[in-house]
Amino acid sequence: MKIFVTGASGYIGGSVAARLAALGHEVRSLIRNAAKADAVAACGITPVIGTLDDARLLSAEARMAEAVVNAADSDHQGAVEALLAGLAGSGKAFLHTSGTSLVGDEAMGEPSNAIFTEDTPVKPEPDKEHRVALNNLVLAAAPAIRTVVLCNSLIYGNTLGPAAQSVQIPPLVAEARESGIPRYIGAGRNIWSNVHIADVADLYGLALANAPAGSFYYVENGEAAFGDIVRAIGKRLNLGPAQPWTAEQAVARWGRELAVFALGSNSRVRALKARRDLGWTPQHASVITWIEQEMT
């Protein structure tokens, strides 16, 4: 199958594109930096130089492809609209990458008992209203396009594609290495569901082959509190005890988006639908074990 993927130089897009290429698909992928073209090509992916703002390019690539995977930016509406325009009326598959911060709160280290399945209504915080609306825009394009939204939780694991990092664990590691102190926000009792990148790539392949038009899936296989994640980072790096940061300190270091919605919030979801409908059987169940034994 001829597949166009956005974001092959990134963590999710690169891993998914590399997995699809390894399965024998003909994969072309958008990258904005020509310097990364050789690394992308080494994974069996044909690089396409451009940006998410190149609407004509995106639409043209979508028209030429038999399926499209958007994995570069969960919130870029212009790119989504251009890709959908290129696929209009084709019945081809369009997999859109979203993230479970859309169910996140502003707990800043405090826990929550709220758990979401695909059947749970979502009332997002104002910062995440756009993401929910964009997901709905994608889903509304079905059945003329076989649209699928994959809503990933915290992703961990070594990349399967060109070198890239995930969003949440690396900033915690960088702060711990720079300061010598592993740090979590507030009480560190906020919980996120998580999933290994290899299991994510497997699910994208299953969704590409079998997901019905207009499908939405949460993506997770376990959960952990951020305090435990940070303590595991400290153990892996042979540092001293983890210490808390106030909300103000965290925002000053990481910015509001990362501190509040990626590192300080609760985002607890269950991927019941992917297991039931697509036969997804993730193999990696513990982000803590990965940090303590495999993280580099």
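**Entry 1: Asn152**

I began with Asn152 and asked: is Asn152 buried or exposed? Its relative accessibility comes out at 4%. The cut-off for buried is under 20%, so Asn152 counts as buried. I noted beside this that I am working with a predicted model.

Next I looked up where Asn152 sits, and found it in strand β6, which covers residues 146-152.

Then I asked which side chain makes a polar contact with the side chain of Asn152. The partner is the side chain of Tyr204, at 3.2 Å. Tyr204 also turned up in my list of contacts for Asn152, a list that leaves aside neighbours within four places in sequence.

**Entry 2: a sheet of 3 strands**

I moved on to an open sheet and wrote down its strand order as β7-β9-β11, with mixed pairing. Why is one side of β7 and of β11 left without a neighbour in the sheet? Strands β7 (154-156) and β11 (223-225) stand at the edges, and each has a single partner strand, so one side of each stays without a neighbour there. From one strand to the next, I noted an average twist of 45°.

I then followed β9 (residues 191-196), which pairs with β11 in the antiparallel sense over 3 bridges. For Ile191, I found that the bridge partner in β11 is Ala225.

**Entry 3: the helix on the sheet**

Last, I asked which strands helix α8 touches as it packs on this sheet. Helix α8 (residues 226-236) touches β7, β9 and β11. I also jotted down that the direction of α8 makes about 80° with that of β11.

Methods:
Residues numbered from 1 in each chain as written. Predicted model: local features only at pLDDT ≥ 70, side-chain atom pairs only at ≥ 80, totals over all residues. Heavy atoms only, no water. Helix = DSSP H or I, 4+ residues; strand = E, 2+ residues; numbered from the N terminus. Buried < 20%, exposed > 50% of the residue type's maximum accessible area, 1.4 Å probe, protein only. Polar contact = N/O pair within 3.5 Å; in protein donor to acceptor, adjacent residues only side chain to side chain. Contact = heavy atoms within 4.5 Å. Pairing = 2+ DSSP bridges. Axes fitted to C-alpha atoms, helices over the stretch in contact; angles between N-to-C directions.
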